[in-house]
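Hi,

Here is the structure I promised to pass on.

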Amino acid sequence: MIGVAADRSHYCARTRLPVEIVRAPLRGEALVDALVGLGRRLDRPAVLVPCTDAAVLAISAGRGQLADSFRFVLPDHADVERLMDKVSFADHAIAAGLPIPPTAVLRSRADAERAAESLAYPAVLKPGLKSASWVAATKAKAIPVDGPEALLARYDECSGWTDVLVAQSWVPGPEDSLLSANVYYDRQSTERVSFVARKIRQWPLDTGTSSLGEEVRNDGVGEAARALFGSVAYRGLGYVEVKPDRRTGRLVIIEPNIGRPTGRSAIAEKGGVELLMAAYRDALDEPLPAALEQTYRGVKWIYWRHDLQAALARGRRGELTPMGWWRSVRGPKVEAVFSISDPIPFAADLVHTAGAVGGAISRRLRRLVRLVPAGRPRSGRTGDPRPGRAGD
């Protein structure tokens with residue numbers, strides 16, 4: 001295994017598994033150039049597994065340069081862009097009759113003004129694609145807005161980070177109503193794996209990523225996934241998140257992820273389904289593993305640090321007790337970062353978090369010190385009433 005990382009100090013780059021870690025940007029032509037250079041050193045083709053949206057886009061666009069040295073399974077590049085870009089996906093979903101929440105594409109301030117008047121609230125603002133400037137400005141996947149004025153204010157703030165924004169009405173309901181399907185479609189566009197799960201908690205609250213999830217049985221999620229991925233000639237790993245809309249009584253598609261594993265993909269392996277091995281073997285034109293069908297063992301997936309943060313925040317809101325948290329995490333589970341056989345990433349994540357918390361406390365203390373009055377400046381003589389002496 002060879003890793004490719006933009007930041008070699010990232011906790012995921014501390015794993016003992018790779019024999020080498022290549023440092024390279026994980027987007028655009030720079031990533032393709034780094035992979036071409038790596039490919040020249042390989043004695044045989046290797047399976048390439050992108051782990052971010054930007055990497056998927058880069059590999060898809062550069063597939064002609066990478067095909068000799070690497071094996072990977074992706075839809076046609078036009079379909080990658082169509083499903084990954086939230087603007088293109090909104091247009092495609094409407095044309096294909098896929099169920100999505102009320103959505104508006106904002107290419108100008110005038111579009112934002114029309115959307116502000118027409119959308120139901122609360123709503124969220126999302127970029128079509130998370131550009132480098134978006135990532136530099138915020139870690140948020142989506143920015144909540146609670147009314148027309150808030151939408152326009154946040155549009156004015158965020159429009160400088162990306163060319164096009166998507167405004168979408170929020171689908172009401174708790175975070176544990178968010179359901180998902182991890183899928184694999186082979187090189188002939190045949191569905192081979194579908195593993196359904198749901199979120200229990202997420203971090204940050206409301207618009208974050210999963211911190212605790214569990215597998216569930218829900219045939220409607222599988223049907224929504226087949227409608228989505230069947231609307232194009234899909235190939236490779238895929239993921240779709242859906243949510244029941246109580247206003248209409250149907251499942252609506254929140255967003256898809258294209259061509260890569262997700263943070264929660266490992267729940268499939270814990271549940272006895274060889275999702276990633278299926279992708280690996282199909283890329284090499286080898287027979288797929290036998291364990292491809294979900295058997296519902298009740299397994300969970302947890303990111304301990306994020307889930308503790310989410311639980312504490314829920315507790316402060318009065319929505320979760322310590323015993324309720326403990327009951328929610330019990331049972332067979334796979335852990336996002338911690339591994340007894342590979343413990344350094346977990347330790348590095350804790351060290352990074354401690355440093356971030358310490359830095360935040362230090363910055364807050366410095367701000368407080370600046371706000372404390374420094375005391376009355378001394379004048380030339382005690383009680384000297386003459387003006388202008390304080391600066392002497």
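Strand S10 gives the second largest pocket the largest share of its lining, with 4 residues. Keep in mind that this is a predicted model. The volume of that second largest pocket comes out at about 260 Å³. Two elements, S10 (191-203) and helix H13 (322-329), each give two or more residues to its lining. The lining has 16 residues in total, and those nearest the pocket centre are Pro174, Glu175, Asp176, Ile200 and Arg314.

Searching the whole structure for cavities of 30 Å³ or more gives 1, and the volume of the largest cavity is about 70 Å³. Its lining includes Lys86, Phe89 and Ala90, along with Val166, Gln168, Ile254, Glu255 and Pro256. Helix H5 and strands S8 and S13 each supply at least two of the lining residues. Here the classes are 6 nonpolar, 3 charged and 2 polar.

H5 covers residues 86-96, with Val87, Phe89, Ala90, His92 and Ala93 buried. Those buried residues pack against helices H4 (77-84) and H9 (219-229), and also against strands S5 (103-106), S8 (165-169) and S13 (250-258). At the start of the helix, Asp85 has a side-chain oxygen within 2.7 Å of the backbone nitrogen of Val87. After H5 comes Gly97, with a positive phi near 75°.

Last, the aromatics. How many aromatic pairs are there? The count comes to 7. One of them joins Tyr185 and Tyr234 edge-to-face, at 5.8 Å centre to centre with 85° between the planes. That pair links distant parts of the chain, since Tyr185 sits in strand S9 (179-185) and Tyr234 in the loop between H9 and strand S12 (236-245), 49 residues apart. Tyr185 counts as buried because its relative accessibility is 6%, and Tyr234 does so too, at 1%. The pair of Trp325 and Trp326 is tilted, because the planes of the rings are at 45°, with the centres 6.3 Å apart. Trp325 counts as buried at 17% relative accessibility, whereas Trp326 is partly exposed at 44%. Finally, Tyr185 and Tyr234 belong to one aromatic cluster with Phe229.

Cheers

Methods: Residues are numbered from 1 along each chain as its sequence is written. This is a predicted model: local features need pLDDT of at least 70, side-chain atom pairs count only at pLDDT 80 or more; totals for chains, interfaces and linings use all residues. Side-chain values use heavy atoms; hydrogens and water are left out. Buried means under 20% relative accessible area, exposed over 50%, partly exposed in between (1.4 Å probe, protein chains only). Contact means heavy atoms within 4.5 Å. A polar contact is a pair of N or O atoms within 3.5 Å; within protein, one must be able to donate a hydrogen and the other to accept it, and residues adjacent in sequence count only if both atoms are side-chain atoms. On a 1 Å grid over the protein atoms alone, a cavity is a set of points where a 1.4 Å probe fits but cannot get out, and a pocket is an open set with protein on both sides within 12 Å along at least five of seven lines; lining residues have an atom within 4 Å of a point. Grid points are joined across faces, edges and corners, and a volume is the space filled by probe spheres set on the points. Ala, Val, Leu, Ile, Met, Phe, Trp, Tyr, Cys and Pro count as nonpolar, Asp, Glu, Lys and Arg as charged, and the others, Gly among them, as polar. Rings of Phe, Tyr and Trp (its six-membered ring) pair if their centres lie within 6.5 Å; planes under 30 degrees apart count as stacked, over 60 as edge-to-face and the rest as tilted.
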